[in-house]
Amino acid sequence: MKVVVVDNYEAMSAEAAKLVEEKVRENQEAVLGLATGSTPIGLYKNLIEGNKTRGISYKDVKAVNLDEYLGLSQDHSQSYHTFMKENLFSQIDIKPENTYIPNGIPASAEEECTDYEAVITKVGPVNLQILGIGTNGHIGFNEPGTPGDSITHVVELTKSTRESNGPNFETEAEVPTHAISMGIQTILKGEEIILLASGESKAEAIKMLLTKKVTEDNPASFLWTHDNVTLIVDKDAYQLVK
Ligand code: GLP
């Protein structure tokens with residue numbers, strides 16, 4: 001794992017954008033694995049800027065997202081469909097039919113998982129996967145205890161994840177209890193992975209990751225088993241690393 005420590009959120013976002021744009025420049029039909037959360041918003045702002053002013057086009061790029069809440073329709077204000085549309089897809093020239101996110105209200109969640117895994121196999125391999133990290137080390141929605149060989153699956157969200165993501169919802173009862181997420185094995189099939197971490201709230205997770213101990217208790221630790229991962233971390237998130 002290559003570790004790049006930068007000053008702040010803006011520098012992390014710019015550094016990540018440079019790598020994504022390089023990938024899209026060298027392969028106009030690149031498959032990008034994308035993440036939600038507050039962490040990649042700055043990266044997405046840079047990509048929008050690049051699309052508008054630096055001639056980087058996404059017209060033949062495909063995007064597959066990591067996860068979606070179960071129980072939220074595509075147009076729910078807190079769905080990851082809405083998040084991606086608002087923060088990236090509606091502002092660049094990517095074709096909607098080239099963007100893939102699990103369906104949050106499937107007739108059968110199990111079937112949706114199988115179908116989504118098949119979609120990733122069909123459009124993949126993901127050339128560049130973007131990841132954030134949860135305060136408990138989760139990647140996608142793979143909570144501690146998720147096996148390293150997991151594929152797309154239904155996840156029961158932990159209390160800590162529901163609390164972290166809760167403020168975006170009007171009431172606590174509205175925070176989904178389950179999600180569909182690419183599994184750890186699905187994520188590790190990506191050819192190149194960029195893990196982003198910013199802010200003090202991620203310091204514990206980054207400290208744990210950089211012990212290099214691979215364990216189910218820390219889903220992000222499985223990234224040590226991949227040979228092309230770059231962690232871009234700001235000083236606040238890196239502060240507990242000795
Ligand atoms: C959610 C997402 C993850 C994301 C994590 C961290 O749980 N499923 O993909 O990495 O939150 O979010 P944030 O970037 O807002 O800290």
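How far is an oxygen atom of the ligand from a polar backbone atom of Ser38? The separation is 2.7 Å. Please keep in mind that this is a predicted model. The points below start at the ligand, move on to the helices, and finish with some loop residues.

**The ligand and its surroundings**

- The ligand sits in the largest pocket.
- There are 13 residues around the ligand, and Ser38, Thr39, Asp67, His138 and Lys202 come nearest.

**Helix α1: Met12**

- Look for Met12 in helix α1, which spans residues 9–26.
- Met12 counts as buried because its relative accessibility is 0%, and the cut-off for buried is under 20%.
- Leaving aside neighbours within four places in sequence, Met12 is in contact with Val6, Thr39, Leu196, Ala197, Ser198 and Ile232.
- One of these contacts, Thr39, is also among the residues that come nearest to the ligand.
- For a sense of distance, the C-alpha atom of Met12 is separated by 32 Å from that of Ala118, which is 106 residues away along the chain.

**Helix α3: its buried residues**

- Which residues of helix α3 are buried? In this helix, made of residues 80–87, they are Tyr80, His81, Thr82, Phe83 and Met84.
- These buried residues pack against two helices, α2 (41–53) and α5 (159–165).
- They also pack against the strands β2 (31–34), β3 (62–65) and β4 (67–69).
- Asp67, one of the residues that come nearest to the ligand, falls in the β4 range of 67–69.

**Helix α4: Glu117**

- Glu117 belongs to helix α4, residues 109–123.
- Is Glu117 buried or exposed? Glu117 counts as buried, because its relative accessibility is 9%.
- The side chains of Glu117 and Thr186 are joined by a polar contact of 3.1 Å.
- Not counting residues up to four places away in sequence, Glu117 touches Ile151, Thr152, Thr186 and Lys189.

**Loops and backbone geometry**

- Most residues other than glycine have a negative phi, and most peptide bonds are trans.
- Against that background, the peptide bond joining Gly124 and Pro125 is cis, with omega at about 5°.
- Pro125 lies in the loop between α4 and β6 (128–131).
- Lys212 is not a glycine, yet its phi is positive, at about 70°.
- The loop that holds Lys212 runs between α7 (203–209) and β10 (229–234).
- Lys212 counts as exposed, because its relative accessibility is 54%.
- Asn98 is in the loop between α3 and β5 (99–100).
- With 13% relative accessibility, Asn98 counts as buried.
- Apart from its neighbours within four places in sequence, Asn98 is in contact with Lys59, Val61, Lys62 and Ala63.

Terms used: Residues numbered from 1 in each chain as written. Predicted model: local features only at pLDDT ≥ 70, side-chain atom pairs only at ≥ 80, totals over all residues. Heavy atoms only, no water. Buried < 20%, exposed > 50% of the residue type's maximum accessible area, 1.4 Å probe, protein only. Helix = DSSP H or I, 4+ residues; strand = E, 2+ residues; numbered from the N terminus. Contact = heavy atoms within 4.5 Å. Near = heavy atom within 4 Å. Polar contact = N/O pair within 3.5 Å; in protein donor to acceptor, adjacent residues only side chain to side chain. 1 Å grid on protein atoms, 1.4 Å probe; cavity = no way out; pocket = protein on both sides within 12 Å on 5 of 7 lines; lining within 4 Å. Sits in = over half its atoms within 2 Å of the grid points.
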